[in-house]
Amino acid sequence: HRWTRPGADELRSRPMHAPTPAALLALMFLVGTTGCFIDRSGNRSLDAGPRDSGARQDGGRDGGRDGGMVPIDAGSDAGFDAGIDAGPPIECDTTTCPAPAACVSGVCEFDCVGSSCLSAVTCPPGLPCRVLCGAFECPGIDCLSATSCEIHCDANDACPGDIACAGSSCTVSCGARACQGTIDCTADSCDIDCAGGDACADPVSCTNTAGTCSLTCAGNDSCGDDVSCDAGTCNIDCATRACTGTTRCTASSACDVTCRGGDACTGAVRCDATTCTVGCLGNDACKGTVECVARECDIECRTRGCVGALACTGSDRCGVACVGDGACGSTVRSEAPLSDVACTGNDSCVGVLTCRGARCDMRCLVRACGAAVDCTGVGDCNLACVGADSCVGLLSCTGSQCIDCIGAGACPAGTSPGCTHSIAECP
């Protein structure tokens, strides 16, 4: 008997039967598994989500004629391709993180405490890495290929070799006499902590020119060599007798250098960034020279804080505040176009004050400025000597400079001719 296709009238006349539960489940499964199918040509089956407001409402019928596909925008195909190109993230397992390391909550961890790592530690690529080091246990650490780094050197001579790290972030902590090699961080975010006497014996540096860096030195000779930061934003903090080498900051954006406590920064401090702030807070906090060549400079010296010379060179604006007795114990020189120098406290500025630039404003309070003030060769130099013996040295000026002597004995007898009129009368 030959089978023939039933006609439409015959189909309509046949009784309808309710689908069984199993049939309904099968249908739901079929729709769920096909509703999100994306064709490589840029089409998707069924209607997997809301269409554009401008899409044709009959797109499903047209799509049925073309093979059941509804067009979608090109961005979906690009995302699909990107997902294929990126590949799945690397998972931490015994293959990607081989012994002696082990996976701990998705981190490849080298636990060298109590079991010496006989050779330098090299973190595997594509995974976050953590290194734990006890005494004499990590001869060197290479964390340049990891996605992030966490390094702990917490015992004497725990890390006698060099440490290098990169990735999205890197934290390095060194206890007393723990890190004897160089430390160099090139991660997007660097946090290096040298806590304890002789914690970091060799140079410590950040060289992530677009990232952030925090360098902390706390403890006698905790940073026994040069400390440098060449990042987007830098923060260098040296506590009492902590930084014995040169402290250098060349941030592309902002740099904050703080020498807090006696002998905090015994070497030179140099700051070269868009904006620089240098604080010498404590007796002999900055024993060496302090030089700022940034576009915007602010230097503050508290009581007996600055022993060496202060200089602003190559900057657009320079502010120097010598606050407290003996705050600035050497010369102060500014070559910035705009300068503001304030000396407040007995012998707060004992060295020569020299100002070069388009405009310089200086203030010396009672017994503050004990040496000469040189404003020769500049545009406008306005000096206010306020109180007895506020300016005891020779005051030199040329051009349209003004010296305001306020109070008996404020200015010495050797003041240059024509320079003793009030600042209020200056143009």
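Is C234 buried or exposed, and what is its relative accessible area?

Modeller: The model is a predicted one. In it, C234 is buried, with a relative accessible area of 2%; the residue counts as buried because this value lies under 20%. The partner of C234 is C229, and the two form a disulfide in which the sulfur atoms lie 1.8 Å apart. This pair counts as a disulfide because its sulfur atoms are within 2.5 Å. In general terms, a disulfide is a covalent bond between the sulfur atoms of two cysteines. C229 is also buried, at 1% relative accessibility. The torsion about the S-S bond of C229 and C234 is about -80°, and the disulfide is therefore left-handed.

This link may be set beside two others, for the structure holds 28 disulfides. One of them joins C185 to C190, with a distance of 1.9 Å from S to S. Both C185 and C190 are buried. Their S-S torsion is about -85°, so the disulfide of C185 and C190 is left-handed.

Another disulfide is formed by C143 and C149, whose sulfur atoms are 2.0 Å apart. Here C143 has a relative accessible area of 1% and is buried, while C149 counts as buried at 4% relative accessibility. The link of C143 and C149 is left-handed, with -100° about the S-S bond.

To return to the residue in question, C234 is buried and is joined by a disulfide to C229.

Key: Residues are numbered from 1 along each chain as its sequence is written. This is a predicted model: local features need pLDDT of at least 70, side-chain atom pairs count only at pLDDT 80 or more; totals for chains, interfaces and linings use all residues. Side-chain values use heavy atoms; hydrogens and water are left out. Buried means under 20% relative accessible area, exposed over 50%, partly exposed in between (1.4 Å probe, protein chains only).
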